[in-house]
Amino acid sequence: MSGVELTARLERAGFALDVDLSVAEGEVVAVLGPNGAGKSTLLGILSGLLRPDDGRLRVAGRPLLDTADGTFVPPHRRGIGLLAQEALLFPHLSALANVAFGPRAQGAGRGAAEERARGLLAAVGAAELADRRPAQLSGGQQRRVALARALAPEPGLLLLDEPLAALDVDATPAMRTLLRRVIADAKQTALLVTHDALDALVLADRVVVLDRGRIVEQGPAREVLARPRSPFSARIAGLDLVPGTADGTGLRTADGVELHGHAVEVVTGEAAVAVFPPSAVSVHAERPEGSPRNVFRVRVAALEPRGDTVRVRAAAPASGPDWVDGLAADVTPAAVADLGVEPGHAMWFAVKATEVAVHGMK
Amino acid sequence: MTTARTTGPRSASPARPPRREGVADRHGTGVGLPGWMWVPAGIGFLLVALPVAGLLWEADWAAMPQLLTSDAALSALRLSLLTAAVSTTLCLLLGGPLAVVLARGRLNRWPGALRAIRSVVLLPLVLPPVVGGLSLLFLLGANGLVGSGLDAAFGIFIPFTTVAVILAQTFVAMPFLIVSLEGALRTAGERYEATAATLGASPGLAFRRVTLPLVLPGLASGLVLAFARCMGEFGATIAFAGSLEGTTRTLPLLVYLQGETDVAGAVALSLLLVVVSLVVIVVGRPRGLDGRG
C-alpha cells in the first residue's frame with residue numbers, strides 16, 4: 001500500500017483537530033482552510049513536530065506514527081519533505097550544496113549527490129546559479145533552489161506550506177507553473193496547504209477543505225471550487241471556472257466554444273481552465289453586441305443575495321453547453337429588478353476578455 | 001515543455017552583490033544625531049585612550065628590550081599564554097555545550113530550570129573576581145568540600161598550582177563564551193535545523209553541517225573574548241593560586257608586583273599586555289566589538 005494514510009486527533013485549549021486523510025501515490029492534495037482551521041497543526045503532525053493525542057500515519061506503507069503501539073518516527077527519518085513559505089536556504093552553502101544536502105544526509109557520496117543536485121537545479125531552471133550563495137540570489141531564485149532542495153531526497157511525501165505566499169506578484173505565476181511541472185515530472189506525492197483557490201486549482205488533483213479542525217468538504221479541485229458546498233469554500237473559491245484547452249488567444253471548451261482571455265504561463269494545447277470573478281460578469285436579457293466580450297447563453301438557476309449584490313447562479317440551458325452550469329454573476333439588486341431575472345429564465349452572461357485568465361491545470 | 005517559460009522577469013535580473021554593511025558611503029548623510037552627543041562621547045573616548053597614551057609616554061624605550069626579555073617577564077608571558085590557551089580550550093569544551101543546552105534545551109518537567117541555570121552560569125560576569133577565587137579556594141582548598149576529599153583519596157592538592165590558575169581563568173572567562181555563543185544560536189534560530197531534519201539530517205548531522213557553521217562567527221568572537229579575559233585575569237588567580245614565579249605568576253600578577261618596586265618594568269609589561277589585547281581585538285575582531293553586529 002503506497003501513498004499516505006493519516007488519522008489524527010489532537011486537542012488543545014480552544015481547538016480540536018480531527019482528520020482522516022489519504023493521499024494516493026503521485027497525487028497532489030490541496031488543503032484549503034481559513035486561519036486557525038488547523039492547517040499548521042496538520043503539517044506539524046505529518047512532519048513529526050507535533051504528536052497527536054490519537055493517530056496513525058503511514059507513508060508508502062511504512063508506519064511513522066501509531067499512538068496505539070507507541071510508534072513515533074522522528075522528523076529526520078520520516079522521508080517527509082517540506083517546502084515552506086520562506087526558502088530558508090542554508091546561507092553558508094552554495095545553491096548546489098544546498099540541493100545536495102538531502103542526498104548527502106541520506107548517505108550518498110559527494111559525486112552522486114552533486115550530480116543529482118545539478119539535474120534538479122536544471123529542472124527548476126537554476127543550473128547557472130549552482131555556485132552562488134543564497135545572499136547572491138533574488139527571492140524568486142531562492143524559491144526555485146529551495147524547491148530543488150526539497151525534491152532532492154525523493155521524499156515519500158512533500159509538504160508544500162503556502163509555497164507561493166510572500167512572493168512578488170509578478171513572480172507568482174512562473175513559480176506556480178514551475179511547481180506544477182516539476183511535481184508532475186517527479187510524480188511527487190504532495191500535500192499543499194494554501195488559502196488561494198487558484199493554487200489548488202492549478203496544482204492539486206483533489207481539494208480538502210478544513211474548517212475548525214475538521215474536513216468539511218473534499219473532492220476534485222474543479223468541482224469543489226466551482227460548486228462549493230460549504231460556506232468557507234464558497235467564500236474562498238467564489239470564482240467562475242471554465243475548463244478546456246489552451247489556444248493562442250484564450251481557451252477552447254470541449255464543445256468547441258472559444259473563450260477570449262489572457263494566457264497565464266500556459267502552452268497552447270495544454271489542459272487549462274479559464275478563471276474570472278463573478279463580479280466581472282454582466283447579465284443581459286438580449287445578446288449583447290460589440291466590445292471584446294465573451295457571451296454565454298444560460299438559464300438562471302438561483303438568486304443568492306450577498307450584501308450589496310445579488311449572485312445570479314447559472315444552469316445549463318436546455319440546448320446549450322453544460323459547462324455554464326454553476327457559473328455565477330454578481331449584479332446589483334436594481335439590475336435584477338430591471339431585467340426581471342428569475343430562476344428558470346433564459347439570460348445572457350457576458351464577460352470581457354481582459355477579465356478572463358487562462359491557467360494551465362492538473 | 002520548455003524551461004524558458006518558467007523563468008519569470010525577476011530571475012533574469014543580475015544577482016545583487018552581497019550587501020556590504022559597515023562600508024561608509026561618502027555621499028550618505030545618515031539621519032543625524034544631536035550635536036551635544038559628541039561631547040560626552042569624546043570624554044568617554046579620552047578616558048580610555050589617555051591612560052594608554054600615558055603608558056607610551058612613561059615608557060623607557062631604550063631599556064625596553066632588556067625589560068621585556070628578563071627571566072621573570074618571559075616566564076610570566078609564557079605562563080600567561082599557556083594557561084590562557086588551556087583555559088580557553090576548557091571554555092570551549094565545557095561552555096560550548098552549556099551554551100547549546102541553554103539555547104536549545106527543553107526541560108519540559110522543570111520549565112524554569114534552564115533560566116535558573118543560566119543565572120548561575122553567568123554569575124562570574126558580575127561577581128568580583130577575587131570573590132570567585134576565594135570560592136574556588138573554599139571548595140578545593142585543604143579543608144574544602146571537594147579539596148579535602150581529593151587530598152585524602154588521591155593526594156591531589158590544587159590551590160597554588162598552575163592548574164589553579166587555569167581553573168580560576170576558566171571560572172571568570174567561560175560566561176563570555178556562553179553569552180556570545182548562546183546569542184548567536186538564538187539569532188540563528190531553529191528554523192534551519194528543522195529544515196535540515198526535513199531533508200533527512202539527524203540532529204547530530206544538522207548540528208555539524210548547519211548549526212555550527214551558522215554560529216561560527218559568534219563562537220569565534222566568544223573565544224577571543226574568553227582568551228582576552230584569561231590573559232587579563234588577576235583577582236581570582238591571586239586569591240586561589242597565589243603568585244609563585246614560574247607556576248602561578250601570570251603577566252598581570254607580575255605587573256602588579258613590579259608596580260610596587262620597579263615602575264619602568266611594570267610599564268614595559270603593561271605595554272606588552274596592551275599589545276596582546278590589541279592583537280586580540282584586531283585579529284580576532286569579535287563580533288559586536290567592532291560595531292558590525
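## A pocket, a cavity, a sheet and a helix pair

H10(B) gives the most to the lining of the second largest pocket, with 4 residues. This is a predicted model, in which local features need pLDDT of at least 70, side-chain atom pairs count only at pLDDT 80 or more, and totals for chains, interfaces and linings use all residues. Residues are numbered from 1 along each chain as its sequence is written, chains are lettered from A and ligands numbered from 1 in the order in which they are written, and side-chain values use heavy atoms, with hydrogens and water left out.

The second largest pocket holds about 580 Å³ of space. Its lining has 20 residues, and the closest to its centre are B:Glu190, B:Glu193, B:Ala194, B:Ala197 and B:Pro203. Helix H3 (71-104), helix H9 (191-198) and helix H10 (203-232) of chain B are the elements that give two or more residues to this lining. Helices (H or I, at least four residues) and strands (E, at least two) are DSSP runs, numbered from the N terminus.

On a 1 Å grid over the protein atoms alone, a pocket is an open set of points with protein on both sides within 12 Å along at least five of seven lines, a cavity is a set where a 1.4 Å probe fits but cannot get out, and lining residues have an atom within 4 Å of a point. A volume is the space filled by probe spheres set on the points, which are joined across faces, edges and corners.

By this rule there are 3 cavities of 30 Å³ or more. H5(A) supplies the largest share of the lining of the second largest cavity, 4 residues. Among the lining residues are A:Pro173, A:Arg176, A:His359 and A:Gly360.

In chain A, 6 strands form an open sheet with mixed pairing, in the order E14-E13-E12-E16-E22-E15. Strands E14 (258-260) and E15 (262-264) are its edges, each pairing on one side only. Two strands pair if DSSP finds at least two bridges between them. Strand E13 (residues 250-252) of chain A is joined to E14(A) by 3 bridges, and the two run antiparallel. A:Arg252 stands opposite A:Glu258 in E14(A).
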